[in-house]
Every structure is written in structure tokens, then in C-alpha cells.
Amino acid sequence: ESENIFEFQLKWQKNRGLDPEHSPSHCAYLESLCERLTSGLGRRIGDKAAFMSGLDMHGAYQEVLHHGAYCRSRATSCLDRRPLSAWIQSYLDGSVDSPLVVHGPVGSGKTTFMAATAYRLRERSVLTKRIIVVRFLGTTPSSSSIRQTLKSICEQLSIVFKEDPLDIPADYRGIVDHFSR
């Protein structure tokens with residue numbers, strides 16, 4: 001960005017380099033540079049803080065970012081299970097409207113496999129205009145109970161479909177009804 005590029009004309013002191021103690025122009029240069037940097041950084045930090053405080057209104061963005069990062073970290077350690085991934089892809093490409101359930105014993109790699117699958121699917125989701133919703137239960141306060149998890153998913157979908165996430169009920173039955181529509 002051109003607003004972050006500063007140009008100064010400055011005479012370099014031979015054998016001293018930048019010498020603000022003996023050169024008034026060097027002193028003025030450093031003061032100007034510090035002022036520009038601190039005001040620029042302060043503005044950018046303020047803009048980012050304002051943006052982040054807007055996200056805190058319902059926390060949905062942070063929840064999605066957490067699960068995306070968790071997904072990415074798990075996806076890198078997944079064993080090659082292309083046949084199963086291909087089957088899931090064909091399931092998603094079909095017209096099946098029943099849920100897909102991945103199950104197995106503790107430690108069998110379900111979470112890692114689903115993380116890798118979701119991570120690969122995100123690239124295709126842009127082309128197919130699919131929405132990928134990822135939650136790893138128990139990794140955040142918003143995924144520690146089924147009520148909180150459903151509410152978090154509803155918040156994400158509300159944002160995607162440009163609805164007000166504050167319209168999501170707080171009680172379990174209301175969240176289930178909202179989720180079902």
C-alpha cells in the first residue's frame with residue numbers, strides 16, 4: 001500500500017551513519033518517521049480492534065476460525081484414505097438427503113480423517129457454492145454441548161445467508177426448530 005511507503009531525503013554522515021545527536025536533520029527525520037509509524041500503526045490497530053469488536057457481537061466468526069484452524073492442523077497428519085474420501089465426495093455430489101455418520105472406536109482417526117476431508121472439500125466448495133460447516137465437539141466453549149454447537153452452526157449459517165444471528169433462540173427446543181428450517 002502506498003500509504004505505508006515513506007520517502008525522506010537525508011544526507012548520510014560519513015563514518016557516523018544516522019547521527020541524530022549531531023545532525024538536526026537526522027533528529028527531525030527520526031521524529032517524523034516515529035510519528036508516521038506510530039500514527040499509522042495506531043490507526044491500523046484501531047481499525048482491526050473495531051473490526052474484531054464487531055465480530056465479538058455473536059462470536060460466530062471466531063468459532064468458525066477456530067474450527068478451521070483445528071481442521072487444518074489435523075488435516076496435515078491424516079493417513080491416505082483416498083477411497084473413503086472419494087466415497088464421501090460421491091455422497092456429497094449425489095442427491096442424498098440423509099446424514100452422513102462417520103463412526104469407529106476411540107483413536108481410530110475419525111477426527112483426523114474428517115478434518116482432512118473437510119480441508120480438501122473447502123477448495124471445491126468455492127466452485128460448487130457449497131457451504132462447509134465444520135465443528136469439532138469439545139474444542140471450544142461453543143462446541144462443548146449440543147445446544148451450544150447447534151447455536152454456533154445456526155449463527156454461522158445466519159451470517160452466510162445474511163440473516164440476523166441475534167434472531168436465534170437461546171433455548172434448546174427453539175435452536176433445534178431454528179436449525180431444522
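This is a predicted model: local features need pLDDT of at least 70, side-chain atom pairs count only at pLDDT 80 or more; totals for chains, interfaces and linings use all residues.
Student: Let's start with the whole chain. What elements does the protein chain have, and in what order do they run?

Tutor: The protein chain has six helices and zero strands. From the N terminus on, the elements run α-α-α-α-α-α. Of its 181 residues, 25% count as buried. Among contacts between residues at least 6 apart in sequence, 55% join residues at least 24 apart.

Student: Let's look at helix α5. How does its reach compare with the span expected at 1.5 Å a residue?

Tutor: Helix α5 covers residues 146–160, which is 15 residues. From its first C-alpha to its last it reaches 21 Å, close to the 21 Å expected at 1.5 Å a residue.

Student: Which residues of α5 are buried?

Tutor: They are T149, L150, S152, I153, C154, E155, Q156 and S158.

Student: How far is I153 from V134, in sequence and in space?

Tutor: I153 and V134 are 19 residues apart in sequence and 8.5 Å apart in space, C-alpha to C-alpha. V134 lies in the loop between α4 (110–128) and α5.

Student: How do you know whether V134 is buried or exposed?

Tutor: Set its value against the cut-offs: buried is under 20%, exposed is over 50%. V134 is at 17% relative accessibility, so V134 counts as buried. The C-alpha atoms of V134 and E63 are separated by 9.7 Å, and these two residues are 71 residues apart along the chain.

Student: Now the pair of α5 and α6. How are two packed helices described?

Tutor: By the angle between their axes and the distance between the axes. For α5 and helix α6 (residues 172–180), the angle is about 40° and the axes are 10 Å apart.

Student: Why are α5 and α6 called oblique to each other?

Tutor: Angles under 35 degrees count as roughly parallel, and 65 to 115 as roughly perpendicular. The angle here is about 40°, between those two ranges, so α5 and α6 are oblique to each other. As for handedness, α5 passes α6 in a left-handed crossing.

Student: Which residues make the contact?

Tutor: From α5 they are I146, R147, L150, K151, I153, C154 and S158. From α6 they are Y172, I175, V176, H178 and F179. By class, the contact has eight nonpolar, two polar and two charged residues.

Student: Which residues of α6 are buried, and what do they pack against?

Tutor: G174, I175, V176 and H178 are the buried residues of α6. The buried residues of α6 pack against α5.

Student: Let's go to the loop between α5 and α6, where K162 is found. What is the phi of K162?

Tutor: K162 has a positive phi of about 55° although it is not a glycine. K162 follows α5.

Student: Why is K162 called exposed?

Tutor: Exposed means over 50% relative accessible area. K162 is at 75% relative accessibility, so K162 counts as exposed.

Student: One more residue, P20. Where is P20, and what makes it partly exposed?

Tutor: P20 sits in the segment before α1 (24–55). Partly exposed lies between the buried cut-off of 20% and the exposed cut-off of 50%. P20 has a relative accessible area of 31%, so P20 is partly exposed.

Student: What does P20 touch, not counting residues up to four places away in sequence?

Tutor: P20 touches H26, C27 and L30. The C-alpha atoms of P20 and E31 are separated by 9.7 Å, and the two residues are eleven residues apart along the chain.

Note on methods:
Residues are numbered from 1 along each chain as its sequence is written. Side-chain values use heavy atoms; hydrogens and water are left out. Helices (H or I, at least four residues) and strands (E, at least two) are DSSP runs, numbered from the N terminus. The expected span of a helix is 1.5 Å times one less than its number of residues. Buried means under 20% relative accessible area, exposed over 50%, partly exposed in between (1.4 Å probe, protein chains only). Axes are lines fitted to C-alpha atoms, for helices over the stretch in contact, and angles run from 0 to 180 degrees between N-to-C directions. Angles under 35 degrees count as roughly parallel, over 145 as roughly antiparallel, 65 to 115 as roughly perpendicular and the rest as oblique. A crossing is left-handed if the near helix is turned anticlockwise from the far one by less than a right angle, and right-handed if clockwise. Contact means heavy atoms within 4.5 Å. Ala, Val, Leu, Ile, Met, Phe, Trp, Tyr, Cys and Pro count as nonpolar, Asp, Glu, Lys and Arg as charged, and the others, Gly among them, as polar.
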